[in-house]
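The exercises below are to be worked through with the sequence and the structure in view. Each task is followed by a solution in steps.

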Amino acid sequence: MNSFTTAIAAFAGTIAVNLSIAVPAAMSGSLPPAEGQTRYRPIQSISYEIGSKSMSGYFVDEDAACLVTLMISEKGDPEQMQPLTAARVRLQLHPGQSAGLDSEEGRSLNFTCGDNAATLLVDAGERDRLMEVHTGSV
């Protein structure tokens with residue numbers, strides 16, 4: 001091998017090692033907990049599974065409100081090639097306001113707009129508990 005080929009091989013090896021370290025760390029930090037609260041910043045990816053549904057989305061700050069866009073679809077079987085459709089949900093929440101998304105399988109998500117619409121708090125958990133929190137009957 002000439003020195004140019006050796007340098008390219010060394011560079012590619014360095015990139016591969018760095019990716020093998022960084023990707024699992026990034027992936028483990030991006031998964032939300034099955035229970036509890038997670039705080040998101042504008043345009044940060046939001047992704048949860050609630051029962052037989054999969055939900056992904058994001059929010060942006062517009063005119064001091066959280067504009068939340070969510071795509072909700074059936075969790076598909078990767079072995080079966082069936083066309084799945086999604087429903088888009090759009091919410092406008094002012095700071096302190098919240099909205100809930102409930103599953104018939106007993107899971108729920110509550111979305112609460114933070115101060116100055118700078119963050120969105122997502123609370124994931126059992127439907128009965130989150131419905132009590134959302135309606136204030138705790």
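**Exercise 1: The disulfide**

The link of Cys66 and Cys113 is right-handed, with 75° about the S-S bond. The model is a predicted one.

Task: Determine which parts of the chain the pair Cys66 and Cys113 links, and how many residues apart they are.

Solution.
1. The sulfur atoms of Cys66 and Cys113 are 2.2 Å apart; the cut-off for a disulfide is within 2.5 Å, and the two residues form one.
2. Cys66 lies in strand β4 and Cys113 in strand β7 (residues 107-113). They are 47 residues apart, and the pair links distant parts of the chain.
3. Cys66 and Cys113 are both buried.
4. A search of the whole structure finds one disulfide.

**Exercise 2: The sheet**

Task: State in which order the four strands of the open sheet stand, and explain why one side of β2 and of β5 is left without a neighbour in the sheet.

Solution.
1. The order is β2-β3-β4-β5, with antiparallel pairing.
2. β2 (46-50) and β5 (86-93) are at the edges and have a single partner strand each, so one side of each lacks a neighbour in the sheet.
3. From one strand to the next, the twist averages 20°.
4. Strands β3 (residues 53-62) and β4 (residues 65-74) run antiparallel and are joined by 10 bridges. Ser56 stands opposite Met71 in β4.

**Exercise 3: The aromatic pair**

Task: Classify the aromatic pair formed by Tyr40 and Tyr48.

Solution.
1. The structure holds one aromatic pair.
2. The planes of Tyr40 and Tyr48 are at 75°; planes over 60 degrees apart count as edge-to-face.
3. The pair is therefore edge-to-face, at 6.5 Å centre to centre.
4. Tyr40 and Tyr48 are both buried.

How values were computed. Residues are numbered from 1 along each chain as its sequence is written. This is a predicted model: local features need pLDDT of at least 70, side-chain atom pairs count only at pLDDT 80 or more; totals for chains, interfaces and linings use all residues. Side-chain values use heavy atoms; hydrogens and water are left out. Two strands pair if DSSP finds at least two bridges between them. Helices (H or I, at least four residues) and strands (E, at least two) are DSSP runs, numbered from the N terminus. Axes are lines fitted to C-alpha atoms, for helices over the stretch in contact, and angles run from 0 to 180 degrees between N-to-C directions. Rings of Phe, Tyr and Trp (its six-membered ring) pair if their centres lie within 6.5 Å; planes under 30 degrees apart count as stacked, over 60 as edge-to-face and the rest as tilted. Buried means under 20% relative accessible area, exposed over 50%, partly exposed in between (1.4 Å probe, protein chains only).
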